[in-house]
Amino acid sequence: MKLHVVVSSTRPGRVGPLIADWFAGQVDPDSDKGGFDVEIIDLARVGLPMLDEPNHPAEQQYVHEHTRNWSASVAAADAFVFVMAEYNTGFTAPLKNALDYLYSEWHHKPVGFVSYGMTSAGSYHTLSVGAQTIADAAWVYAVPFAEVSEVAGYLSFDGSGIEVLVTDD
Ligand SMILES: Cc1cc2nc3c(=O)[nH]c(=O)nc-3n(C[C@H](O)[C@H](O)[C@H](O)COP(=O)(O)O)c2cc1C
């Protein structure tokens, strides 16, 4: 099963890729549930502009190469985990934009969430907004896998960048 772990933040200095790396390391590739081929999809690298397709995505009449590439990427996945930063009590604009580009490519595929943020993360803001979007988009499962509140407490700065220090507590 091909699992895409999607990094939802794109700003310079973000910690999203570190959270995604940590989560990917938790996935058992040889699980007795069938195993996973994990790929991290970084929306900063995907680099979609703000939605610029003229047609409704359900028509799949994409006029831009970046949309065709994004469509092929999402269509190739069997399941998703969204690594969602909390921004203003919701999930990020780049993730919403990436969701909006496509329609049937997302459908009927299991999806899980890893949400993180500072003080208000853990209050289910990000997950409730995300789950509502998922429900409206008619996906099948919406499962919170992990919430990391006060994420800065799990990071250390060593001069060359950020190192994840995920603890057991
Ligand atoms: C624009 C913006 C809005 C934020 N809003 C919230 C918030 O509502 N609740 C919260 O707990 N943390 C909030 N934060 C803190 C972020 O969740 C935290 O900085 C996290 O590291 C952001 O993910 P990133 O580093 O991958 O961008 C906000 C951060 C930014 C940049």
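**Helix 3**

Helices here are DSSP runs of H or I with at least four residues, strands are runs of E with at least two, and both are numbered from the N terminus.

A reminder to myself: this is a predicted model, where local features need pLDDT of at least 70 and side-chain atom pairs count only at pLDDT 80 or more, while totals for chains, interfaces and linings use all residues. Residues are numbered from 1 along each chain as its sequence is written.

Next I looked up which residues of helix 3 are buried. They are Thr-67, Trp-70 and Val-74. Seen down the helix axis, the buried residues fall within an arc of 65°, so they line one face of helix 3; the arc is taken from the directions from the axis to the C-beta atoms. These buried residues pack against helix 2 (43-46). I also checked the length: helix 3 has 12 residues and reaches 17 Å from first C-alpha to last, close to the 16 Å expected. The expected span is 1.5 Å times one less than the number of residues.

**Whole chain**

I then stepped back and found five helices and seven strands, in the order β-α-β-α-α-β-α-β-α-β-β-β. The protein has 169 residues, and 28% of them count as buried. Among contacts between residues at least 6 apart in sequence, 77% join residues at least 24 apart; a contact is two C-beta atoms, placed from the backbone, within 7 Å.

**Core and helix 4**

The largest nonpolar core has 30 residues, and Val-81, Phe-82 and Val-83 have the most contacts inside it. Strand 3 (79-85) is one of the elements that each supply at least two residues of this core, and the largest share, six residues, comes from strand 3. I use "core" for buried Ala, Val, Leu, Ile, Met, Phe, Trp, Tyr and Cys joined through C-beta atoms within 7 Å.

In helix 4, I noted Pro-94, Leu-95, Ala-98 and Leu-99 as buried. They cover an arc of only 135° around the axis, which puts them on the same side of helix 4.

**Loop between strand 3 and helix 4**

Glu-86 sits in this loop. Buried or exposed? Glu-86 counts as buried because it has 26 C-beta neighbours inside 10 Å. Its C-alpha lies 5.0 Å from that of Gly-117, 31 residues away in sequence.

Asn-88 belongs to the loop between strand 3 and helix 4 too, but Asn-88 counts as exposed, with 10 C-beta neighbours inside 10 Å. I flagged its positive phi of about 50°, as Asn-88 is not a glycine. Most residues other than glycine have a negative phi.

**Ligand**

I counted 16 residues around the ligand, and the closest are Ser-9, Arg-14, Gly-16, Ala-85 and Gly-117. The shell divides into six nonpolar, seven polar and three charged residues. Nonpolar covers Ala, Val, Leu, Ile, Met, Phe, Trp, Tyr, Cys and Pro; charged covers Asp, Glu, Lys and Arg; the others, Gly among them, are polar.

Note on methods. Near = placed C-beta within 6 Å. Buried ≥ 20, exposed ≤ 12 C-beta atoms within 10 Å, placed from the backbone.
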